[in-house]
Amino acid sequence: MKLDTKALRYLTTEDWRVLTAVEMGSKNHEIVPTPLITQLSGLRGGSGVHKCISTLAKANLIARMKNAKYDGYRLTYGGLDYLALHTHLKRQTLYSTGNCIGVGKESDIYVVASSTGTQYILKIHRLGRISFRSIKNNRDYLKHRSSASWMYMSRLSALKEFAFMKVLKENGFRVPEPVAQSRHTVVMELIDAFPLRQIQEVPNPAGLYAELIDIVLRLASFGLIHGDFNEFNILIREEKTPAVGNPRKAETELPDSKPSITLTPVIIDFPQMVSIDHTNAEMYFDRDINCIKRFFERRFSFVSDEPGPFFADAKKLVGGHNPKRLDVEVEASGFSKKMAKELDKYMKDVGVDGDGSHDGLDYTGEDDSNAPGTSSSEEGSSDKLSQDPRGNDGSDGLFDHSNELEPDRSHKQSNALATDIAC
């Protein structure tokens with residue numbers, strides 16, 4: 001499913017109301033009946049609603065199911081993308097979208113920008129893609145679920161990632177700064193760095209290894225386990241330390257030494273992060289440690305002389321010098337235990353279990369245009385798009401229109417969404 005925003009500028013207020021009505025109706029219906037769409041949209045006259053439905057269907061934002069028992073439509077991932085982008089526009093979070101820089105198993109990554117020109121990352125969670133590819137192995141699970149459940153789980157995944165990223169950033173962890181979250185999308189800081197898997201050699205493998213292990217233990221001391229801590233989800237940023245010159249030399253002369261380069265790890269991808277009290281916490285912790293050990297042995301021929309660390313060591317750190325529990329803070333911020341259990345069960349049932357595979361920036365996935373909840377469409381050339389000033393009120397949901405997280409920040413008013421999609 002590729003992001004195609006060329007029709008965004010042409011949607012009217014009525015179109016947005018109908019699209020939102022289909023989203024709301026998806027909570028209880030796999031196929032939302034047309035009379036219910038009319039009722040939820042609050043528009044008078046059936047002809048106007050049918051015209052909006054036709055417009056949305058042509059743009060592949062909603063779709064009619066084949067051989068359906070009644071007249072109705074379902075929301076596609078394209079429609080959900082539009083609703084999320086429209087909300088970001090209303091909140092003045094985004095002004096433009098750029099290139100697709102990563103297609104992973106569970107998400108798509110785009111470069112976006114604000115009205116001030118600040119570049120961000122837009123991560124679009126797409127858990128339905130995994131469900132579709134593993135459908136043969138998960139028929140029992142999928143039998144009683146609709147495409148809406150995949151969209152809902154994608155929203156939970158985005159909500160979880162944003163919540164954890166926010167508390168980690170506030171407590172001094174090197175993670176991208178979260179900017180906003182809407183439905184199945186997260187806007188975050190753009191980090192100028194490379195994934196660890198792309199780095200062939202480092203000047204001090206032992207030092208980098210020790211720093212990564214320290215991050216795992218520090219997370220544990222706060223009551224958290226990453227769950228997918230591997231070379232794909234660790235970015236390495238180069239930071240130069242200016243060389244110190246001889247003060248007796250003329251200013252035009254070169255310094256005595258070259259600037260030193262420090263490799264700083266930045267952690268990304270948090271949908272599978274769990275509490276240290278989780279039932280499978282020990283398995284997740286051991287897997288994180290072993291992933292780092294295997295990679296350093298394979299890539300840098302480095303093997304630590306010390307065994308472990310082990311889960312028992314991590315448990316001793318909890319409540320020690322740092323009594324703060326970030327897993328509790330995340331729950332208090334809006335990502336409840338019920339949501340966590342729903343997402344955890346979904347990931348187990350469909351096989352999304354952080355098995356060392358990645359969601360990185362260089363993965364080329366299969367085309368999922370025929371996956372449930374998506375629709376195939378031809379990729380158009382890049383267009384400049386403008387926000388319709390008659391759009392909706394920017395409410396958010398799927399299916400909760402009020403439980404979205406966003407830090408307090410001000411943005412200049414945006415009146416356009418320009419796009420140059422090249423994915």
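**View 1. Helices and a strand lining the largest pocket of the predicted model.** Helix 7, strand 13 (274–275), helix 11 (326–333) and helix 12 (337–350) each contribute at least two residues to the lining of the largest pocket; helices (H or I, at least four residues) and strands (E, at least two) are DSSP runs numbered from the N terminus. Helix 12 provides the largest share, seven residues. The pocket holds about 580 Å³ of space. On a 1 Å grid over the protein atoms alone, a pocket is an open set of points where a 1.4 Å probe fits, with protein on both sides within 12 Å along at least five of seven lines, and lining residues have an atom within 4 Å of a point. Of the 25 lining residues, Val-274, Ser-275, His-278, Lys-337 and Ala-340 are closest to the centre.

View 2. In helix 2 (residues 34–41), Thr-34, Leu-36, Ile-37 and Ser-41 are buried (under 20% relative accessible area, exposed being over 50%, with a 1.4 Å probe and protein chains only). They lie on the same side of helix 2 because they cover an arc of only 155° around the axis, taken from the directions from the helix axis to the C-beta atoms. The face turned away from this buried side carries the exposed Pro-35 and Gln-39. Gly-42, with a positive phi near 75°, follows helix 2.

**View 3. Surroundings of Phe-296.** Beyond its neighbours within four places in sequence, Phe-296 contacts (heavy atoms within 4.5 Å) Leu-196, Pro-205, Leu-208, Tyr-209, Leu-212, Ser-301 and Phe-302.

**Notes.** Residues are numbered from 1 along each chain as its sequence is written, and side-chain values use heavy atoms, without hydrogens and water. In this predicted model, local features need pLDDT of at least 70 and side-chain atom pairs count only at pLDDT 80 or more, whereas totals for chains, interfaces and linings use all residues.

Note on methods:
Grid points are joined across faces, edges and corners, and a volume is the space filled by probe spheres set on the points.
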